[in-house]
Amino acid sequence: MRMTFKKKSFFLAALALVLPTLAKAQEFKAGKFPDRIILTWSADPKTTQSVTWRTDSTVNKSFAQVLVEDSSPKLDKPEAKEYEAKTEVLKGAAYETANYHSVTFEGLTPNKLYTYRVGDGTHWSEWFQFKTAPEKEQPFSFIYLGDAQNDIRSKWSRVIRKAFATYGDARFIVHAGDLINRSNNDNEWGEWHFGGGFINGMIPSIPSSGNHEYFRDEKRTLTLDPHWRAQYTLPENGPKGLEESVYYVDYANVRIISLNSQMIVLDSTSLKIQAKWLEEVLKNNPKRWTMITYHHPIYSTAKGRDNKEFRELFKPLFDKYHVDLLMQGHDHTYSRGQNLPTGVSGKVGGPMYVVSVAGPKMYKVDVNPKWMDVFAENTQLFQIINVDGENLTYTAYKATGEVFDSFKLKKTSKDKAAVFTDLNKQKK
């Protein structure tokens, strides 16, 4: 049947409207080959390494193989240790059932490079590498990223990849919440894993949950996205009921603590439970450096956003136990300031508060008085933090790779506040 000119024009116009929608709707369906491969820690980073991956629901038994990297291509060796994975089913009304598999390699040698792969015995991933934490204190660096949240595949992916290109030997990546926009949306998680790609399989992640990882169930109960515990194998050293969303990891001379600020700001019981837990973790901390990551800033950069109860209960703990660095997200700007007893910057000493954003969603800095010494709007950033004995060097980079902000902290012991040096002023 021939199409008239009018009908043809209508058809082409309709197609032009539909095609952009189809282009946006990339699907991230599971298959027999492992995907969403990601390293995390659930135990001591010196001697263990956890890995989690996804397959479709037909793969009910899966394995991981690991051996010391010796640069030989002959990786199918008898000495490769094989682990059978734990398997968890994840099913949702809006996405297909998939199986998530996890293994924790144990008995590893500190400060050693390993190679591993995962699969069902027939359908294997590529071989990845990872390095265990050192036994003794030595210099290392890690990456800190604020919210990814929106346009993850198209606009956030270049930021995490630029961070990797800038410092590919980073020991881990801290994600300060709102990794996705809509909780329990499998396609958005697909975008997040796509953006990280092989980086997630080589550099362990330390993620904190944000408000966008939560939803309210049929009973209006605040519920963490079921993807969280399925896809991350994290420490269960947090308070009961908050395992794997409140936890800490000790790496070299640093204790990294992850709080669940969504539960802190919306649940008064959780607020008290996490504060009590945190004080014990800080009190019994043998490490020189203490860093805490969570989503909602206790000093906000946005008008009308003030987490007063969070600040009043937790800031005294940050001060008392000489916490060095607070890595925050949520406000979709960049800001950095120190101590801030009254919300006004300038006092020497005390914790350094940082808010950053890696994704494309942006807000204006709109708070009075401005508590921050440095701030930015409409700028995607990543941060690289280097720890070398008594010295910590923090550098914030724009997505271009241009240095935006840099400072140094010097700390002689865990029982003293770090001494601050503004490296921006030194450059001038």
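The questions and answers below walk through a predicted model of a protein chain.

Student: Which domains does the assignment give for the protein chain, and how far apart do their C-alpha centres lie?
Tutor: The domain assignment divides the protein chain into domain 1 (28-136) and domain 2 (141-379). Across the boundary between them, 27 residues of domain 1 are in contact with 33 residues of domain 2. The C-alpha centres of domain 1 and domain 2 are separated by 26 Å.

Student: How many residues has the largest nonpolar core?
Tutor: Among the residues with the most contacts inside this core are Trp 192, Leu 259, Leu 278 and Phe 318. The core draws at least three residues from each of domain 1 and domain 2. A second, separate core of 16 residues includes Trp 53 and Tyr 83. The number of residues in the largest nonpolar core is 89.

Student: Which residues does Leu 278 touch, leaving out those up to four places away in sequence?
Tutor: Leu 278 is one of the buried residues of helix 7, and it is also listed with the residues that have the most contacts inside the largest nonpolar core. When residues up to four places away in sequence are not counted, Leu 278 touches Ile 257, Leu 259, Ile 292, Phe 314, Leu 317 and Phe 318.

Student: Against which elements do the buried residues of helix 7 pack?
Tutor: Helix 7 (residues 268-283) reaches 23 Å from its first C-alpha to its last, close to the 22 Å expected. An α-helix has 3.6 residues a turn, so residues three or four places apart point the same way. Buried residues of helix 7 include Leu 271, Gln 274, Ala 275, Leu 278 and Leu 282. These buried residues pack against strand 14 (247-251), strand 15 (254-258), helix 6 (261-266), strand 16 (289-293) and helix 8 (308-320).

Student: In strand 10, which residue is the bridge partner of Leu 145?
Tutor: In a regular strand the side chains alternate between the two faces of the sheet. Both faces of strand 10 (residues 173-176) are covered, with Ile 173 and His 175 buried on one side and Val 174 and Ala 176 buried on the other. Strand 9 (residues 140-145) pairs with strand 10 in the parallel sense over three bridges. The bridge partner of Leu 145 in strand 10 is His 175.

Student: Is Ser 335 buried or exposed?
Tutor: Ser 335 has its place in strand 18 (residues 334-338). Not counting residues up to four places away in sequence, Ser 335 touches several residues, including Tyr 353, Trp 371 and Phe 375. Because its relative accessibility is 0%, Ser 335 counts as buried.

Student: Is Arg 220 buried or exposed?
Tutor: Most residues other than glycine have a negative phi. Arg 220, however, has a positive phi of about 65°, and it lies in the loop between strand 12 (214-216) and strand 13 (222-224). Because its relative accessible area is 58%, Arg 220 is exposed.

Student: Is His 330 buried or exposed?
Tutor: His 330 also has a positive phi, near 75°, in a residue other than glycine. His 330 is found in the loop between strand 17 (325-328) and strand 18. With a relative accessibility of 9%, His 330 counts as buried.

Technical notes:
Residues are numbered from 1 along each chain as its sequence is written. This is a predicted model: local features need pLDDT of at least 70, side-chain atom pairs count only at pLDDT 80 or more; totals for chains, interfaces and linings use all residues. Side-chain values use heavy atoms; hydrogens and water are left out. A nonpolar core is a set of buried Ala, Val, Leu, Ile, Met, Phe, Trp, Tyr and Cys residues joined through side-chain atoms within 4.5 Å. Buried means under 20% relative accessible area, exposed over 50%, partly exposed in between (1.4 Å probe, protein chains only). Domain bounds come from an automatic or database domain assignment. Contact means heavy atoms within 4.5 Å. Helices (H or I, at least four residues) and strands (E, at least two) are DSSP runs, numbered from the N terminus. The expected span of a helix is 1.5 Å times one less than its number of residues. Two strands pair if DSSP finds at least two bridges between them.
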